[in-house]
Amino acid sequence: MKEFLLASINDAQEIFCIVQNTVREIYPKYYLPEIVNMFCEYHNMQKISDDIQSGKTYKLIVDDEVIATGTIDENHINRVYVLPAYQRKGYGSFIMKSLENMIAKEFDMATIDASLPACRLYERLGYKTREHCRRIGS
């Protein structure tokens with residue numbers, strides 16, 4: 001069974017672990033260690049907790065286990081992470097479609113910031129690169 005639900009503050013630690021574990025396992029295939037650390041620092045517990053408390057963060061539950069997360073801020077999709085063991089099974093696409101449907105109720109388009117590991121997923125879903133940016137600091 002699969003459920004996509006608004007996260008509560010009680011989910012903060014579990015969502016933080018999903019993000020951190022995914023970044024630590026997947027991102028070294030694409031980025032230098034310093035960049036991996038930057039992503040981990042950027043997606044810190046405080047930011048995740050703030051987004052949960054603001055009603056922006058969702059969790060994907062499969063067979064009673066939280067395996068993924070996604071966040072929206074108005075029409076901006078952010079922090080979509082699926083635990084590595086569950087990747088390539090359609091869960092990322094499911095989260096994206098769910099968030100897009102929420103956004104479509106109020107906005108004409110959705111925007112995302114894509115890291116290298118997620119670019120192919122976003123392109124398969126029809127997103128186009130508008131610009132390449134370099135983010136310095138958090």
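Reply: What follows takes some labels one at a time and sets values against definitions.

This is a predicted model, in which local features need pLDDT of at least 70 and side-chain atom pairs count only at pLDDT 80 or more, while totals for chains, interfaces and linings use all residues. Residues are numbered from 1 along each chain as its sequence is written, and side-chain values use heavy atoms, with hydrogens and water left out.

Me: Why is α1 called roughly antiparallel to α2?

Reply: Helix α1 (residues 12-26) and helix α2 (residues 33-42) pack at an angle of about 170 degrees, their axes being 10 Å apart. Angles under 35 degrees count as roughly parallel, over 145 as roughly antiparallel, 65 to 115 as roughly perpendicular and the rest as oblique, and therefore α1 is roughly antiparallel to α2.

Me: What makes D51 and R79 a salt bridge?

Reply: The term requires a side-chain nitrogen of Lys or Arg within 4 Å of a carboxyl oxygen of Asp or Glu, and the side chains of D51 and R79 meet at 3.0 Å, N to O. The pair links helix α3 (residues 45-53), which holds D51, to strand β4 (residues 76-82), which holds R79, 28 residues apart.

Me: How do you know whether D51 is buried or exposed?

Reply: Buried means under 20% relative accessible area, exposed over 50%, and partly exposed in between (1.4 Å probe, protein chains only). D51 has 15% and is therefore buried, and R79, at 5%, also counts as buried.

Me: Why does K56 count as partly exposed?

Reply: K56 has a relative accessibility of 22%, so it counts as partly exposed.

How values were computed:
Axes are lines fitted to C-alpha atoms, for helices over the stretch in contact, and angles run from 0 to 180 degrees between N-to-C directions. Helices (H or I, at least four residues) and strands (E, at least two) are DSSP runs, numbered from the N terminus.
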